[in-house]
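This briefing sets out the architecture of one protein chain. Please consult the sequence and the structure shown below while reading.

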Amino acid sequence: FLGHKPRPNSTSPGLTMRLALSVSATLLALVPSAESFSPARPALRTWAKRFVAAEPPAAEAAPSTPGGSGDTDPELPSFDSKEDYLAYMEAASALPAGFATGTAAGKFISQEAPALGYLPIKGTVIYLTDGPTDSWAAVFTKNKFPGSPIKVGRERLSSGSAIQAIVINNKISNVCSGGDGVANAELVCEAVASALNLEGGARSVLPSSTGVIGWRLPAKELAEDVVPKAVEALQTGSALSAARDIMTTDRYPKLRSKTLSNGARIVGIAKGAGMIEPNMATMLCYIMTDASLGKKVLQSMLTDTVNRSFNSISVDGDESTSDTAVLISSEKVSMDETMTSEFNGALLEVCQGLAADL
């Protein structure tokens, strides 16, 4: 339905598109985050029953051990089970120095479909523990109807704002939502800034959203319930829980990592399963590193790397309104000029790996 185009002789193309988007949004709302590594999908009725439950489904138990400091292989091995896959990812999921992540689940009632009752939503916070950084870069969708978080992100990037946190929610994309989507995104950023007592305020927070198009973002629920709980859950061990909780229709979390010869580390997480088409996809990607490199260098590397990875894949021919790739540094590990090429190669390996996973 999202790819539907009215017939040339249709007398009401606008109505046809609105109906298609309405049905699409409803169908997407019935699809919770995937919990099975098996390619076999449960019946839609089972998904719908779980999705409209009064309480959101419980998040998978957090790993009992901190993330391992190993790296993922450029080409992942085969796995006999979901448990084997998650164990492998856990062993490679150690966060770079200066980063913490926290996730939390909440619930909301959609203004567009209140009959569905309480629906689950998750929020994820990526936090630089020692202060804001100017060393960050981003690439956004080229879709002509970008979501509100994209508009906020572009403004943050062009103004040169220092960033200390990223906040991501799943389930609702804050795209074509009616009302003031930008104000809703900023409200969530303000909640993060308040909970973390950030000197830079909301402008030091970068928002991202993914999920149903055409529904209003439950900003109040995110700001008052989910964000505070995610901040309370911040930990500096593993990126795997963040990779898991940004998912929508993904079947499994996607994470890649690489350690440089000087000890600097790159860890990337991504989500995406449909609407995959150059340029990028219904894709969110967050790449964290402790390598100290300037903003211009990071932006140049990220742009080139995205063109050679995420802009080179297609699943269903639809370009999304929410695509975001962010590269952010805590600047904890000194880098000399001789390390730049190694970093660039490692960044490409991480992003091409994530693109293959998508």
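**Helix α3 and the overall chain**

In helix α3 (residues 82-91), the buried residues are Tyr85, Tyr88, Met89 and Glu90. Elements that cover these buried residues of α3 include α7 (240-245) and β6 (254-259). The model is predicted. Its protein chain contains nine helices and nine strands.

**Burial and contact range**

- Of the 358 residues in the protein chain, 51% are buried.
- Among contacts in the protein chain with a separation of 6 or more, 78% are between residues 24 or more positions apart.

**Packing of α5 against α6**

- Helix α5 (residues 181-196) and helix α6 (residues 219-232) have axes that come within 9 Å and cross at roughly 30°.
- Because angles under 35 degrees count as roughly parallel, α5 and α6 are therefore roughly parallel to each other.
- The crossing in which α5 passes α6 is right-handed.
- On the α5 side, the contact involves Asn184, Leu187, Val188, Ala191, Val192, Ala195 and Leu196, which meet Ala219, Lys220, Leu222, Ala223, Val227 and Val231 in α6.
- By class, the residues of this contact of α5 with α6 comprise 11 nonpolar, one polar and one charged.
- An α-helix has 3.6 residues a turn, so residues three or four places apart point the same way.

**Packing of α4 against α5**

- The axis of helix α4 (residues 148-159) comes within 8 Å of the axis of α5, and the two cross at roughly 65°.
- That angle makes α4 roughly perpendicular to α5, since the range from 65 to 115 degrees counts as roughly perpendicular.
- α4 and α5 cross in a right-handed sense.
- From α4, Ser148, Lys151, Val152 and Arg156 meet Gly181, Val182, Ala185, Glu186 and Cys189 in α5.
- The contact of α4 with α5 divides into four nonpolar, two polar and three charged residues.

**Nonpolar cores**

- In soluble globular proteins, nonpolar side chains tend to be buried together.
- Which residues have the most contacts inside the largest nonpolar core? They are Val167, Leu196 and Val205, in a core of 31 residues.
- At least two residues of this core are supplied by each of β1 (99-109), β2 (118-128), β4 (165-169), α5 and α6.
- The largest share of the core, seven residues, is contributed by α6.
- Beyond its neighbours within four places in sequence, Val167 contacts Thr124, Val125, Val188, Cys189, Val192, Val205, Leu206, Pro207, Ser208 and Val227.
- Another core, of 30 residues, lies apart from this one, and its members include Leu260, Cys285, Cys351 and Ala355.

**Buried threonines in strands**

- Thr124 is located in strand β2.
- Thr124 has a relative accessible area of 1% and is therefore buried, the cut-off being under 20%.
- With neighbours within four places in sequence set aside, Thr124 contacts Gly102, Thr103, Ile166, Val167, Ile168, Ala242, Asp245 and Ile246.
- Thr289 belongs to strand β8 (residues 284-291).
- Is Thr289 buried or exposed? Thr289 counts as buried because its relative accessibility is 0%.
- Not counting residues up to four places away in sequence, Thr289 touches Pro96, Phe99, Arg265, Ile266, Leu327, Ile328, Ser329, Ser330 and Phe343.
- Thr289 and Ser330 are 41 residues apart along the chain, and their C-alpha atoms are separated by 6.5 Å.

**Non-glycine residues with positive phi**

- Lys171 is not a glycine, yet has a positive phi of about 80°.
- The loop between β4 and α5 contains Lys171.
- With a relative accessible area of 9%, Lys171 is buried.
- Glu331 is likewise not a glycine and has a positive phi of about 60°.
- Glu331 is found in strand β9 (residues 324-333).
- Glu331 counts as partly exposed because its relative accessibility is 37%, which lies between the cut-offs of 20% and 50%.

Technical notes: Residues are numbered from 1 along each chain as its sequence is written. This is a predicted model: local features need pLDDT of at least 70, side-chain atom pairs count only at pLDDT 80 or more; totals for chains, interfaces and linings use all residues. Side-chain values use heavy atoms; hydrogens and water are left out. Axes are lines fitted to C-alpha atoms, for helices over the stretch in contact, and angles run from 0 to 180 degrees between N-to-C directions. Helices (H or I, at least four residues) and strands (E, at least two) are DSSP runs, numbered from the N terminus. Angles under 35 degrees count as roughly parallel, over 145 as roughly antiparallel, 65 to 115 as roughly perpendicular and the rest as oblique. A crossing is left-handed if the near helix is turned anticlockwise from the far one by less than a right angle, and right-handed if clockwise. Contact means heavy atoms within 4.5 Å. Ala, Val, Leu, Ile, Met, Phe, Trp, Tyr, Cys and Pro count as nonpolar, Asp, Glu, Lys and Arg as charged, and the others, Gly among them, as polar. Buried means under 20% relative accessible area, exposed over 50%, partly exposed in between (1.4 Å probe, protein chains only). A nonpolar core is a set of buried Ala, Val, Leu, Ile, Met, Phe, Trp, Tyr and Cys residues joined through side-chain atoms within 4.5 Å.
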